[in-house]
Amino acid sequence: ARMSRIQRLRRSSGHSIRSRLLWLALIVAVPLTTLAALRAWERSRSETERVTEQAHQLAVMAARGLDAQVTGTRTLLVGLSLLLDPQKAPTSNDAILRRLFGGAPARYATLWINDSSGRNIGAAQLPPGGRDAVNLADRQYFQDAIRLRRFSAGRVVHSRTLPGNPAVMVFALPLLDPTTGVARAVVGASIQVDSLEGMQVLRTLPPGSVLTILDSSGVVLWRSVDASRWIGRSYAGSPGVEHNNRVPEGAGPVRSDDGTQRLVSWRRMNSTGWNVYVGIPLQYTLDVAQSQFLLDLGSGGLVTIVVLVFAYVGTRRIVAPIESLTVDAVSIAEGDESRRSMIRSPDEIGDLASAFNQMADTAVERRRALVESESRYRVLFNANPLPVFAWSAASARITDANDAALAAFGYARSEFIGLPMTDLVDP
């Protein structure tokens, strides 16, 4: 009776049971594979956006830190220019500089004043060689300050004052004669490069990451890796540098001159026009997203192959009509998660129906797991003891915040959500 029924089905449909089962397998597998591919693509896109934004935020942090330090140093030098007198004895200027050196808010390597010939006439600290050891007539930044008669920043040199001669970034401000406008002296400050605010982001980056600073003309002021080979190298006229000088910030994959593929983000400093670049090896950023995409896609393809192989091998053992399973499969593929096969049989078709239901349950459980995972991340966001909030780049208004942020800024949630970011900034 079973064989005759199979024959009737084959004659009525014009297809063998093998073909019909393969079609059923395809109906089930293709939507699952498509969903897996779409999910893999979406996860890859989201991960790419996440790591790109993360790299961009690091560049923003570095640029803002350096901006604040440059602005603060310029303010300090302007104040010193009002207190120091090139006509007084150097010891008098020494006393003023030492007093301010100890109370300066930033970590300066030294503060100094030199006359227009480069001779030192005041310093917060002197090397064992005395004033003659810090004659700055040969320093480019000193010459620029005298020639251009304006604030000069960014030159990285090896200190002549500090033990070990570490690399320092120098800031200089000329003291101009009110009548002639000629520079009578130059007051300056230097900061060890490792102490610059922007360098702190390096501690959070994976191995092989670099931080590079280029001035507005494309000259390398500093590079955190192999600095001696890079400082002073010019990229003037380079298409990438020209583009970045037009666009104040951005991110993208780049092959660095050292041959390493990196995700590079940049941000222009407001105070100087320098571009700050943060480069993270792709193996820690975009390659991770690409690997995850291939893994998800491969998993979807594996599911398809397994379904087809088992369908082909099991065709001879299928003896019952499969129309109901086809209807069930289509319903689930169309989104009816509650749909399950009602076939109950002690033979192979019963096992197939059971496996089919188990597959549907697994898909539902995975979706629920994703929902629960998102819920857990929401709990972590809300439970974070540090203030955390999100805001829209388009409207500059706050879109979400945890309880710590509400407590820190003193707002009710209804007041805080939608609040302009500018309301949190001191005028």
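Strand β9 (residues 261-268) pairs with β10 in the antiparallel sense over seven bridges, where strands are DSSP runs of E of at least two residues and helices are runs of H or I of at least four, both numbered from the N terminus. Two strands count as paired if DSSP finds at least two bridges between them. This is a predicted model, in which local features need pLDDT of at least 70, side-chain atom pairs count only at pLDDT 80 or more, and totals for chains, interfaces and linings use all residues. Residues are numbered from 1 along each chain as its sequence is written, and side-chain values use heavy atoms, with hydrogens and water left out.

| Strand | Bridges with β10 | Residue pair |
|---|---|---|
| β6 (residues 210-214) | five bridges | V210 and G279 |
| β9 (residues 261-268) | seven bridges | R268 and N275 |

Six residues separate β9 from β10 in a hairpin, and G273 in the turn has a positive phi of about 80°. Seven of the seven residues of β10 (residues 275-281) are buried, so this strand is largely enclosed by the rest of the structure. Buried means under 20% relative accessible area (1.4 Å probe, protein chains only). One side of β10 carries N275, Y277, G279 and P281, the other V276, V278 and I280, and all are buried. In a regular strand the side chains alternate between the two faces of the sheet.

Helix α4 (residues 140-148) has Y141, F142, D144 and A145 as its buried residues. Seen down the axis of α4, these fall within an arc of 160°, so they line one face of the helix; the arc is that of the directions from the helix axis to the C-beta atoms. Their cover includes β1 (110-115), β3 (152-158), β4 (167-176) and β5 (183-192), with contact meaning heavy atoms within 4.5 Å. Just after α4, R149 adopts a positive phi of about 55°.

Methods:
Buried < 20%, exposed > 50% of the residue type's maximum accessible area, 1.4 Å probe, protein only.
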